[in-house]
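Have the coordinates open in your viewer and try each task before you read its solution.

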Amino acid sequence: MKQHSSPRTPFAAGFFDITPILIGVFPFGLIAGIAAIEAGLDSVQAYAASPIVFAGAAQLAMMDLLGRDATPIVIVATVLVINSRMAMYSAALAPSFRGLGPIRKAYGAFVITDQSFAVSIVRFDRVAESLPDRFAYFMGASMGLWGTWQISTILGVVVGTGVPDEWSLDFAIPLVFMALLFPAIKDRGSTIAAITAAIAAVAFVSLPLNLGLLAASGIGITAGAIWGRT
Amino acid sequence: MTTHSSTLIWVLMGVAGLGTWLIRLSFIALLGRVATIPDLVMRILGLIPAAVLAAIVAPSLTHAAGTFDLGTERFMAGAIAAVVAWRTKNVLATIGSGMGVLWLLQALS
C-alpha cells in the first residue's frame with residue numbers, strides 16, 4: 001500500500017486511503033440526520049447525536065427506536081449489541097497500538113469505525129512503521145470519516161426539518177440498513193444468521209417493548225453460530 | 001415521534017455513547033492483561049451485523065402498513081432495492097432505486 005511519487009505524511013496517507021469509502025458514508029450520514037428529526041428530536045439533540053454516539057447503524061437504529069417510543073433499556077441495549085462488533089476491531093488493533101499513552105488510546109478508540117479499522121489493519125499488515133506513524137495513519141483515516149459523518153448528519157438535520165412527509169423520506173432508513181446488510185453477509189454462518197433473524201423479527205413484531213429486534217438478533221446469531229461452521 | 005422527555009433522550013445518548021466508547025476501548029486498554037479472544041466469541045461478534053441488520057430491515061418491509069402485508073408499495077420498492085443492494089453493494093444505488101420505485105408507485109396509485 002506504500003504510495004509512490006510524492007512522499008505523504010502517515011496522517012495524509014490515512015486520510016487519502018479512506019476517501020473513496022467516504023462517498024458511500026455521506027448519504028448514510030444524511031439519512032441519520034434526517035432520521036433524528038423524524039424521530040422527534042429537537043435540532044440541538046439531532047446535531048449532538050453524531051459527536052456523542054458516533055456510530056453508523058447503531059445511531060440510525062437508536063433514532064428509529066426513539067421514534068417508536070421503545071423502552072429506554074431496549075434502546076441502549078440495541079445500540080450496544082450493534083456496536084459490540086467493535087470489540088473485534090479493538091482486539092485486532094490492540095497489538096499495533098501497544099505502548100501508546102492513555103490519552104491517545106482514549107481518543108483513538110473513540111474514533112474507531114468499520115471503515116477506519118479496515119483501511120488501518122490493511123496498512124499495518126503491509127507497511128512496517130513506527131508506533132507514532134501507525135497511530136497517525138489511523139487518525140488520518142478516522143478523522144476523514146469523523147468529519148464526513150459530522151458534516152453529512154448536520155446536512156441531514158437541516159434537510160430533514162424542511163422535507164414534507166409526502167416524500168416518504170423515512171423509507172430511506174430501512175434502505176440504508178439494507179445497503180449495509182448485504183456486505184455483512186459473507187459466508188454460510190452470516191447467511192443463516194441473517195435469514196433466521198429476518199424471519200424471527202417478522203414473527204416477533206408484536207412482542208412488547210420493541211424486544212423483537214433483540215430477540216430475533218439473538219436467535220439469528222445462535223443459528224449462525226451453530227449451523228455456520230464450515 | 002418520540003414522547004420520551006428531552007432529558008431522557010440526553011441521558012440515552014450519553015449512555016449509548018459511553019458504552020460504545022468502552023466497547024471500542026476494551027482490548028486496546030486491556031492488552032497485556034487479556035491474552036486472546038476465544039474463537040467462539042470472535043465468531044459470534046462476526047455474526048452480529050448480519051443478524052441485527054436483517055432483523056431491522058425485514059419487519060420494516062413486511063409490516064410497512066402496521067400489519068403483515070406483502071402487497072404494499074414499500075414492500076415492492078424494498079424488494080427491488082434488496083436486489084440492487086445485493087448486486088451492487090452500493091449505498092447510493094440502493095437508496096436511489098428504493099426511493100425511486102416508491103415514488104413511482106405512489107405517483108401511479
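**Exercise 1.** Work out how helix 2 of chain A passes helix 8 of chain A: is the crossing left-handed or right-handed?

*Solution.* Keep in mind that this is a predicted model.
- Step 1: look at the crossing itself; helix 2 of chain A goes past helix 8 of chain A in a right-handed one.
- Step 2: get the geometry. Helix 2 (residues 43-53) and helix 8 (residues 131-162) of chain A pack at about 160°, and their axes are 9 Å apart.
- Step 3: name the orientation. Angles over 145 degrees count as roughly antiparallel, so helix 2 of chain A is roughly antiparallel to helix 8 of chain A.
- Step 4: list who touches whom. From helix 2 of chain A come A:Ser43, A:Ala46, A:Tyr47, A:Ser50 and A:Pro51, and they meet A:Trp149, A:Gln150, A:Thr153, A:Ile154, A:Val157 and A:Thr161 in helix 8 of chain A.
- Step 5: sort them by class. This contact has six nonpolar, five polar and no charged residues.

**Exercise 2.** Find which residues of helix 2 of chain A are buried, and what covers them.

*Solution.* 
- Step 1: apply the cut-off, which is 20 or more other C-beta atoms within 10 Å. In helix 2 of chain A, the buried residues are A:Gln45, A:Ala46, A:Ala49, A:Ser50 and A:Val53.
- Step 2: look down the axis of helix 2 of chain A. Its buried residues fall within an arc of 145°, so they line one face of the helix.
- Step 3: recall the helix repeat. An α-helix has 3.6 residues a turn, so residues three or four places apart point the same way.
- Step 4: see what lies over the buried residues of helix 2 of chain A. The cover includes helix 1 (10-38), helix 3 (57-67) and helix 8 of chain A, along with helix 1 of chain B.

**Exercise 3.** Describe how helix 10 of chain A packs on helix 11 of chain A.

*Solution.* 
- Step 1: helix 10 (residues 188-203) and helix 11 (residues 212-227) of chain A pack at about 150°, with axes 7 Å apart.
- Step 2: that angle makes helix 10 of chain A roughly antiparallel to helix 11 of chain A.
- Step 3: the crossing of helix 10 and helix 11 of chain A is right-handed.
- Step 4: among the residues that meet are A:Gly189, A:Ala193 and A:Ala197 from helix 10 of chain A, and A:Ala216, A:Gly220 and A:Ala223 from helix 11 of chain A.
- Step 5: the contact of helix 10 with helix 11 of chain A divides into 14 nonpolar, seven polar and no charged residues.

**Exercise 4.** Start from A:Val202 in helix 10 of chain A and find which residues of chain B A:Val202 contacts.

*Solution.* 
- Step 1: A:Val202 has 17 C-beta neighbours inside 10 Å, so A:Val202 counts as partly exposed.
- Step 2: set aside neighbours within four places in sequence, and A:Val202 is in contact with B:Ala58, B:Pro59 and B:Thr62.
- Step 3: widen the view to the chains. The contact takes 63 residues from chain B and 76 residues from chain A.
- Step 4: on the chain B side, helix 1 (6-30), helix 2 (39-62), helix 3 (73-88) and helix 4 (91-108) each supply at least two residues. Helix 2 of chain B gives the most, with 21 residues.
- Step 5: the side of chain B that touches chain A divides into 42 nonpolar, 17 polar and four charged residues.

Note on methods
Residues numbered from 1 in each chain as written. Chains lettered and ligands numbered in written order. Predicted model: local features only at pLDDT ≥ 70, side-chain atom pairs only at ≥ 80, totals over all residues. Contact = placed C-beta atoms within 7 Å. Helix = DSSP H or I, 4+ residues; strand = E, 2+ residues; numbered from the N terminus. Nonpolar A, V, L, I, M, F, W, Y, C, P; charged D, E, K, R; others polar. Axes fitted to C-alpha atoms, helices over the stretch in contact; angles between N-to-C directions. Parallel < 35°, antiparallel > 145°, perpendicular 65-115°, else oblique. Left-handed = near helix turned anticlockwise from the far one by under 90°. Buried ≥ 20, exposed ≤ 12 C-beta atoms within 10 Å, placed from the backbone. Arc of directions from axis to C-beta.
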